[in-house]
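Here are my notes on the pockets and helix packing, as promised. Have the structure open while you read.

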Amino acid sequence: MPEAVIVATARSPIGRARKGSLAALRPDDLTARMVQAALDQVPQLAPTQIDDLLVGCGMPGGEQGHNLARVVAVLLGLDTVPGATITRYCSSSVQTTRMALHAIRAGEGDVFVSAGVETVSRFDKGTSDSLPETHNPVFGEAERRTVEIAEAGARSWVDPREWGELPDAYISMGQTAENVARLRGVTRDEMDRFAVRSQNLAEAAIADGFYAREISPVTLDDGTVASSDDGPRAGVTLDSVSELKPVFRPDGRITAANCCPLNDGAAALVVMSDTKARDLGITPLARIVSTGVTGLSPEIMGLGPVEASRQALDRAGMTIDDVDLVELNEAFAAQVIPSARDLGVDPFGDRLNVHGGAIAVGHPFGMTGARITTTLLNGLRSRDASVGLETMCVGGGQGMAMIVERLS
């Protein structure tokens with residue numbers, strides 16, 4: 001059975017939504033630039049050898065619609081390369097990498113581009129989730145319950161299944177984070193300390209040139225060049241973030257500082273069989289060891305990384321002690337802290353998100369999977385380490401994980 005290896009990675013800077021460096025760029029144009037940047041790293045590969053272009057996108061509608069992947073292929077002149085656009089919300093471009101892994105192991109292809117994009121700045125043109133009156137009315141009572149809790153607050157979270165009721169399948173991510181914080185007893189102080197850690201680590205990584213090594217600069221239409229992430233802030237302190245008010249509930253613990261912002265960005269990986277890489281004389285960056293995807297109540301989706309990571313570790317024949325670096329997507333500090341602890345990883349230690357995470361860097365939903373892969377491989381190289389785990393929670397109540405082994 002052939003192994004699936006990653007031979008190239010590219011990611012754009014991450015812009016602040018609507019007011020940031022990438023706000024004027026269409027998602028298809030931005031994705032095309034990152035796909036080309038990744039392909040440029042493997043000149044031995046002829047475009048006609050690409051079996052499929054798979055693009056993850058959290059909400060693929062509006063400018064992100066029209067089977068975005070196929071639009072990107074045509075923009076790049078890759079008329080013979082088919083394309084598919086995949087959504088699994090925050091893990092969409094882990095899903096595309098997983099699909100490439102499966103196809104290679106099944107012998108149904110040798111070369112795949114796994115990309116991801118989200119441009120929240122362009123959501124005004126529509127998304128897959130933007131049309132009114134599209135929610136299934138069977139969830140009406142659950143949605144009303146969420147609204148009531150958001151307005152009045154709650155001391156804890158209890159699974160509505162225990163009362164014979166449906167969970168809220170459409171619940172906002174901020175409300176799920178508040179649920180997790182109460183269910184797992186995560187305090188506001190812990191969240192704020194974690195947020196400050198993320199910002200401070202990102203600041204240090206930028207100063208060290210870490211992120212510059214993985215970012216493909218983007219030239220804008222006015223000739224200016226975006227070459228760094230908009231989000232990280234210098235000099236963030238606990239005193240400054242502790243003054244912020246909650247944003248989702250009157251008695252809430254989630255603030256603008258201890259959750260990720262809204263962002264724009266794209267990333268791309270070139271994934272191929274180890275035999276094809278050998279034939280082309282390409283040295284792989286990493287081997288994809290295993291993946292996992294699991295489900296849980298939509299109302300506590302933030303704990304999704306736990307079982308998904310355990311599944312991926314089990315399939316790899318590993319334990320968490322075998323993992324050198326963990327990249328756990330920082331949708332909310334409220335969910336990273338308990339998820340890490342459940343996995344046996346210190347959320348404030350030296351293995352988790354050691355260069356900062358989405359709280360500082362940003363979280364363009366469809367991009368995040370491929371971006372984290374890029375950062376994880378960068379981190380493994382920087383530390384001369386071998387095994388990395390990336391994982392994230394997923395809207396709707398899911399978790400996803402992937403284990404990679406650095407090869408060069």
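Which helix gives the most to the lining of the second largest pocket? Keep in mind as you look that this is a predicted model.

1. **The second largest pocket.** The answer is helix H6, residues 188–207, which puts three residues into the lining. The pocket has a volume of about 220 Å³. In total 13 residues line this second pocket, and if you want to find its centre, look for Arg16, Gln199, Arg233, Ala256 and Ala257, which lie nearest to it. By class, the lining has ten nonpolar residues, one polar and two charged.

2. **The largest pocket.** This one comes out at about 780 Å³. There are 32 residues in its lining, and those closest to the centre are Met59, Tyr89, Ile171, Ser172 and Met173. The lining of the largest pocket splits into 20 nonpolar, ten polar and two charged residues.

3. **H6 again, this time against H10.** Back to the helix from point 1. H6 packs on helix H10 (residues 333–343) at an angle of about 90 degrees, and the two axes are 9 Å apart. Because of that angle, H6 counts as roughly perpendicular to H10. On the H6 side the contact uses Glu190, Met191 and Phe194, while H10 brings Ala333, Ala334, Val336, Ile337 and Arg341. Six of the residues in this contact of H6 with H10 are nonpolar and two are charged, with no polar ones.

4. **H10's other contact on my list.** H10 also packs with helix H9 (residues 304–316), here at an angle of about 30 degrees and with the axes 8 Å apart. The H9 and H10 crossing is right-handed. Pro305, Val306, Ser309 and Arg310 are the H9 residues involved, and they meet Gln335, Ser339, Asp342 and Leu343 of H10. The class count for H9 with H10 is three nonpolar, three polar and two charged.

5. **H1 and H2.** Now for a pair earlier in the chain. How do helix H1 (residues 27–39) and helix H2 (residues 68–75) cross? Their axes come within 9 Å, and the crossing angle is roughly 60 degrees. So H1 is oblique to H2. The crossing of H1 past H2 is right-handed. H1 contributes Pro27, Asp28, Asp29, Thr31, Ala32 and Val35 to the contact, and H2 contributes Leu68, Val71, Val72 and Leu75. Sorted by class, the H1 and H2 contact holds seven nonpolar residues, one polar and two charged.

6. **Where I'd look on screen.**

Methods:
Residues are numbered from 1 along each chain as its sequence is written. This is a predicted model: local features need pLDDT of at least 70, side-chain atom pairs count only at pLDDT 80 or more; totals for chains, interfaces and linings use all residues. Side-chain values use heavy atoms; hydrogens and water are left out. Axes are lines fitted to C-alpha atoms, for helices over the stretch in contact, and angles run from 0 to 180 degrees between N-to-C directions. Helices (H or I, at least four residues) and strands (E, at least two) are DSSP runs, numbered from the N terminus. Angles under 35 degrees count as roughly parallel, over 145 as roughly antiparallel, 65 to 115 as roughly perpendicular and the rest as oblique. A crossing is left-handed if the near helix is turned anticlockwise from the far one by less than a right angle, and right-handed if clockwise. Contact means heavy atoms within 4.5 Å. Ala, Val, Leu, Ile, Met, Phe, Trp, Tyr, Cys and Pro count as nonpolar, Asp, Glu, Lys and Arg as charged, and the others, Gly among them, as polar. On a 1 Å grid over the protein atoms alone, a cavity is a set of points where a 1.4 Å probe fits but cannot get out, and a pocket is an open set with protein on both sides within 12 Å along at least five of seven lines; lining residues have an atom within 4 Å of a point. Grid points are joined across faces, edges and corners, and a volume is the space filled by probe spheres set on the points.
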